[in-house]
Amino acid sequence: MTSLQNTHTVIAQLSCENSLTDTVRAIMRAFEQLMDGRPEISDGSVTVVNIAAEAGISRASYYRSPVAAAIKEILAVPATERPEIDELKSEAAQLRRELRKLRRQKAEETSELRQTVATYANHIQVLTLRNKELEGEIAVMRGQIEEATGGTVRPIRSRHEP
């Protein structure tokens with residue numbers, strides 16, 4: 001049984017069991033409009049607020065009506081077809097959750113990458129300083145060798161040879 005048929009069946013049962021007031025008729029009309037995807041006032045979601053708005057009544061009046069329990073039962077059935085707007089809102093909410101998750105992952109990855117870059121920068125700085133120290137030590141040693149030998153010692157290879 002489709003949700004619209006189910007709605008009509010429940011409403012027909014209510015009509016037989018109760019004498020319908022104008023408020024109950026307005027609620028049933030509003031519910032049917034929302035289920036059919038034909039909202040006049042609201043955004044089209046099947047919610048208590050929208051049903052009350054479409055019916056032109058307060059939420060308190062809605063909750064006091066005998067139709068409220070029947071509508072709650074109809075909507076509790078998993079197979080109840082919802083208007084397209086509800087499906088789209090549900091899909092949009094799911095996509096927003098996924099987007100938040102992806103943004104969180106991206107922020108974590110970016111943070112990790114920044115830490116890695118900072119670590120590498122520190123290593124490069126340490127190695128650059130150490131390289132300068134070693135170059136200074138080499139220059140001192142060359143000076144000592146030249147001083148000790150009077151400049152007669154020559155390197156076996158030149159610096160530019162492999």
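**Close-up 1. The S42 side chain and the G44 backbone.** A polar atom of the S42 side chain sits 3.3 Å from the backbone nitrogen of G44; a polar contact here is a pair of N or O atoms within 3.5 Å, where one must be able to donate a hydrogen and the other to accept it, and residues adjacent in sequence count only if both atoms are side-chain atoms. S42 belongs to the loop between helix 2 and helix 3 (48-55). It counts as buried because its relative accessibility is 18% (buried is under 20% relative accessible area, with a 1.4 Å probe and protein chains only). Leaving aside residues up to four places away in sequence, S42 touches L34, N50 and E54 (contact means heavy atoms within 4.5 Å).

This is a predicted model, with local features needing pLDDT of at least 70 and side-chain atom pairs pLDDT 80 or more, while totals for chains, interfaces and linings use all residues. Numbering runs from 1 along each chain as its sequence is written, and side-chain values use heavy atoms, with hydrogens and water left out.

**Close-up 2. Helix 2 and what follows.** Helix 2 covers residues 22-36 and spans 21 Å from first C-alpha to last, close to the 21 Å expected (1.5 Å times one less than its number of residues). Helices are DSSP runs of H or I, at least four residues, numbered from the N terminus. Among its buried residues are V24, F31 and L34. Just after helix 2, G37 has a positive phi of about 75 degrees.

**Close-up 3. The largest nonpolar core.** This core has 20 residues (buried Ala, Val, Leu, Ile, Met, Phe, Trp, Tyr and Cys joined through side-chain atoms within 4.5 Å). Helix 2 gives the most, with 8 residues. Y62, one of those with the most contacts inside the core, touches I27, V48, I51, I57, A68 and I71, not counting residues up to four places away in sequence.

Terms used. Helices (H or I, at least four residues) and strands (E, at least two) are DSSP runs, numbered from the N terminus. Buried means under 20% relative accessible area, exposed over 50%, partly exposed in between (1.4 Å probe, protein chains only).
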